[in-house]
Amino acid sequence: MMTDGPHGVRKMLEGEYGIKSKIKTTCFPTASSSSCSWDVKLANKMARAIAIEAKANNVSVVLGPGANIKRSPLCGRNFEYYSEDPWLSGNMAGHFIAGMNEEKVGCSLKHFACNNQEFRRFIESNNIDMRALMDLYLKSFKVALDIAKPATIMCAYNKINEVYCSENKWLLTDILRDKFGFDGLVMSDWGAVNNRIEGVKAGLDLEMPSCNGVNDKIIENAVKNGELDEKYLDNVVQNILNLVEKYKYINDIKITFDEKEHYDLAVEIAENSAVLLKNNNNILPIKESEKVLIVGDMAKISRYQGGGSSHITPFFEYSLTDSLDKFGIKYDYLDGYHKNYKKDNRDLIKKIAKVADNYDKIVICVGLPDNMEVEGLDRKHINLPQTYDKLVEEISSIHKNVVAILFAGSPVELPWRDKVNGLLNMYLAGSGSGEACAKILYGKVNPSGRLAESYPIKLSDSNSFNNFYYDSDRTYYSDSIFVGYKYYDITNTKVAYPFGYGLSYTTFEYSDITANAKCNINDGCNINLTIKNTGNMPGSEVVQVYVGKKNSKYLRPIKELKAFDKIFIEPNESKNVQINLNRKNFEIFDIKNDDYVVENGEYQIYICKNSNEIIKTLNVEVESNDTIFGDSTDMLAYIPQNNEFSLEKFEKIYGNKIIESRPIAKKGQFTEFNCLSEIAEYSLTARFILFCIRNILPLATGEGKNTGGFMMSYEQMRSNPLFKLGQSSQGALSEQKIQGIVDIFNGHLFRGMAKMTKANKNN
């Protein structure tokens, strides 16, 4: 038994359909939230708790964590991923895996690799240069695997450089097994198998979900006719048997756990992950004696997880207002927007304006509604609903003490951020987020989260703005290694809030910062410093260490995160911190060597509070005996001009020709590679089918049309190519039937019907 589980066990009962399960488990903070804790010990504790709940439900493998890089804030699945930075992402994922292993429960590191957008994820190719692949997108997985090996790894839907991940030998064998040392089972994402024979050759062990014997028969015949060497089949079968043998004990055990204890842990992680972005005039924490107005439906109905396959049905669920009631804290509440957030809210704003002067402080809860962050869909923009922005803008213009609380799994534009005095970012922090939020607002807890991704001022400032979609078949990653803060650094682009940023209710002072002037890479480099809590409240500081190298033979970011540590300090207490940088912190991928190497020479070590705030720079001479080739001239010259990347320049470092966009197909030109949404532009039949699907799906799933579960399912049917719909139909739509359907869409009704009739007879 394997279940979804990046932030909790989602086990479905027999016959259940959709994303909501009747089986209750703990909904822990999503990766978008927990990564902001910058606390690998908490990642380990969370994983162990999830593993215990898995055993209690006789689940052997939990499908998580997700270590994909957040290339764009538009990606609809970003709430399941940790960071824009591979070192932070890999460390959080690695310690999550270690926690699962300690409880002897399997997990699945995913989605390998480069699943950085949801648009056309079943067919789209992410075309990426080798340095970006090895030093960014695959590096996140390498860092995790260097810490702990998961039982399984899940390969992604998409192609990389025009080859499906599920049949990519370079990815699944040459890199994952031979270079990264993984020896467990590789499974497909659900429906990610294309050519099963090529998948077996490439190293894909397990097809998920079941093909109902269809592909099994194809493999059997391929072995018999010599198309597939039986040694490949032996390998995948052995990996499956090893997994079964290791975790079959879970089928026969019966354990229980303390549900409240796990909920309390979820609250603790949420408390440590919340990011205080603004606190002018120390507007926070609020005193219980102050008169406070809470505004916005998200205060009463928490938004704490994203839409899609990771959806958890929790044991406990306390909103912000529930928690304030539980703590006996008095407040008043008013709606600031309607449940239908698109409905004009001027009437509600007027009500607030009439009473605003009666309150010392006003707390406004806003964020992204459920249907704006859904697996299978990317966002079109990074704006909040207009009614939410309007609410904050107008109330902050008439009241000087406004605090905004943000509930969203990805960055959003904040046009009013200069008008509010307080801003607390809760992300999607699990079912305990309301309680954690209440504790932080009233000073029972000191916020200590730091952003795991940059917050751009506007979408057009981001590295992928001009190349998130190239066409319906492929995206060229012409931003190469310059993602997130690495792009903002090199282009001097201002951001709303930088990577690693976060405030505290106390203050910290750094002193005595030293490092080895020279170090041999085999011995490492020791950094020492002292941190003092100079405020009046206990708190945690996150020490961030970045590494850069001027005059390098390689194209490099100005600086890259290479170490971090979170330290809890009492008021007026000082703590000494020692951080060791070893070979892995200095390595870079050399294409000619086809391996990671360490370049000789002087490096800059930056001790930072965040990517924009450098406390001290240390120059360190690093000695290495590695053979260095360096990057090509084209690569070294690859710097964005006017904050934009050139596709022509990218072609040189990519090493292949840029493929022209596929022309939009019209009636008579449709193939199995087209999707219903494309075909519906020219086919009344396709439009009718979509109409039927849209109206039947809510009945089948039990979910309304605006829910995340419905939108994910509908988008999958609408936007996936026809051959993929056939593969996921579990035999109901054979290849011959799909060809018949294509003929009908192309206007050849009788030919298509004949193929479908023949397919039925063959079955």
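**The largest cavity and the fold around it**

Colleague: Which residues lie nearest the centre of the largest cavity?
Modeller: A cavity is a set of points on a 1 Å grid over the protein atoms alone where a 1.4 Å probe fits but cannot get out; lining residues have an atom within 4 Å of a point. The largest cavity is lined by 19 residues. Nearest its centre lie Arg556, Glu560, Lys562, Glu587 and Ile588.

Colleague: What kind of model is this, and how are residues numbered?
Modeller: The model is predicted: local features need pLDDT of at least 70, side-chain atom pairs count only at pLDDT 80 or more, and totals for chains, interfaces and linings use all residues. Side-chain values use heavy atoms, without hydrogens and water, and residues are numbered along each chain as its sequence is written, from 1.

Colleague: Which element gives the largest share of that lining?
Modeller: Helices (H or I, at least four residues) and strands (E, at least two) are DSSP runs, numbered from the N terminus. α4 (130-137), β21 (539-548), β22 (560-569) and α16 (583-586) each supply at least two lining residues of the largest cavity. The largest share, three residues, comes from α4.

Colleague: How many residues of that lining are charged?
Modeller: Asp, Glu, Lys and Arg count as charged. Ala, Val, Leu, Ile, Met, Phe, Trp, Tyr, Cys and Pro are nonpolar, and the others, Gly among them, polar. The lining of the largest cavity has eight nonpolar and two polar residues, and the charged ones number nine.

Colleague: What share of the chain is buried?
Modeller: Buried means under 20% relative accessible area (1.4 Å probe, protein chains only). The chain has 763 residues, and the buried share is 61%.

Terms used: On a 1 Å grid over the protein atoms alone, a cavity is a set of points where a 1.4 Å probe fits but cannot get out, and a pocket is an open set with protein on both sides within 12 Å along at least five of seven lines; lining residues have an atom within 4 Å of a point. Buried means under 20% relative accessible area, exposed over 50%, partly exposed in between (1.4 Å probe, protein chains only).
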